[in-house]
Amino acid sequence: MFIACMTIATVSEKILVVSGGGSYTTYASTSTSGSYVIVAMVFVFVMNFAYGWGPIVWVYNSEIFPLQYRSRCIATSTCANWIGNYLIAQCTPILLGKLGFLTFYLFGTFALLALLLAGWLPETKGV
């Protein structure tokens, strides 16, 4: 996911021409092959999320909390997940308007931090 975000940001900066202003911005590609790279990296990101962070979060949450507090803790983590998704959905267009394709470097940085977090989380087998 990190590599996909960084590739999208780097290729997009070089081949896309931003036009328009105000609340409506359009992006035009100056390179057909660059456009294919961007689309491919979006697919790579979605594919990696679909088997990685997407479903694993739910499995990990159901295993990490003690049975006595599990329902309350999973409800809290689900609420936090939905709020986080809502904030990302609302802030992405604003970030694209302000930062342009540096937004993908920001997402790539968070993907790298998530990878570091995954290495730090304990194994739940046998707990």
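View 1. Helices here are DSSP runs of H or I with at least four residues, strands are E runs of at least two, and both are numbered from the N terminus. A word on what you're looking at: this is a predicted model, where local features need pLDDT of at least 70 and side-chain atom pairs count only at pLDDT 80 or more, while totals for chains, interfaces and linings use all residues. Residues are numbered from 1 along each chain as its sequence is written, and side-chain values use heavy atoms, leaving out hydrogens and water.

**View 2. The whole protein, for orientation.** There are 5 helices and 2 strands to find, and along the sequence they follow the pattern α-β-β-α-α-α-α. Of the 127 residues, 22% count as buried; buried means under 20% relative accessible area, exposed means over 50%, and partly exposed lies in between (1.4 Å probe, protein chains only). The accessible surface comes to about 9,100 Å², with 72% of it belonging to carbon and sulfur atoms. That area comes from the Shrake-Rupley method with a 1.4 Å probe. Among contacts with a separation of 6 or more, 54% link residues 24 or more positions apart, a contact being heavy atoms within 4.5 Å.

View 3. H4 bends by about 35 degrees at Cys91, and Pro93 follows within four residues. The bend is the angle between axes fitted to the seven residues ending at a residue and the seven starting there. Thr92 also sits in H4, which covers residues 70–99. Is Thr92 buried or exposed? With a relative accessible area of 19%, Thr92 is buried. A polar atom of its side chain lies 2.7 Å from the backbone oxygen of Ile88. That's a polar contact: N or O atoms within 3.5 Å where, within protein, one must be able to donate a hydrogen and the other to accept it, and residues adjacent in sequence count only if both atoms are side-chain atoms.

**View 4. Thr78, another threonine in H4.** Thr78 belongs to helix H4 and is partly exposed, at a relative accessible area of 23%. A polar atom of the Thr78 side chain lies 2.8 Å from the backbone oxygen of Ile74. Look for Trp58 too: 20 residues away along the chain, its C-alpha atom is 8.6 Å from that of Thr78.

**View 5. Two cysteines and the disulfide count.** Cys79 is partly exposed at 43% relative accessibility, and Cys91 is partly exposed at 36%. How many disulfides are there? The count is 0, taking a disulfide as a pair of cysteine sulfur atoms within 2.5 Å.

**View 6. Thr103 in helix H5.** Thr103 is part of H5 and counts as buried, with 0% relative accessibility. Its side chain reaches the backbone oxygen of Leu95 at 3.1 Å. Leaving aside residues up to four places away in sequence, Thr103 touches Leu95 and Leu96.

View 7. The structure holds 1 aromatic pair. Phe104 and Phe107 form it edge-to-face, 6.3 Å centre to centre with 85 degrees between the planes. Rings of Phe, Tyr and Trp (its six-membered ring) pair if their centres lie within 6.5 Å; planes under 30 degrees apart are stacked, over 60 edge-to-face, and the rest tilted. Because Phe104 and Phe107 are 3 residues apart in H5 (residues 102–120), about one helical turn separates them. Phe107 is partly exposed at 25% relative accessibility.
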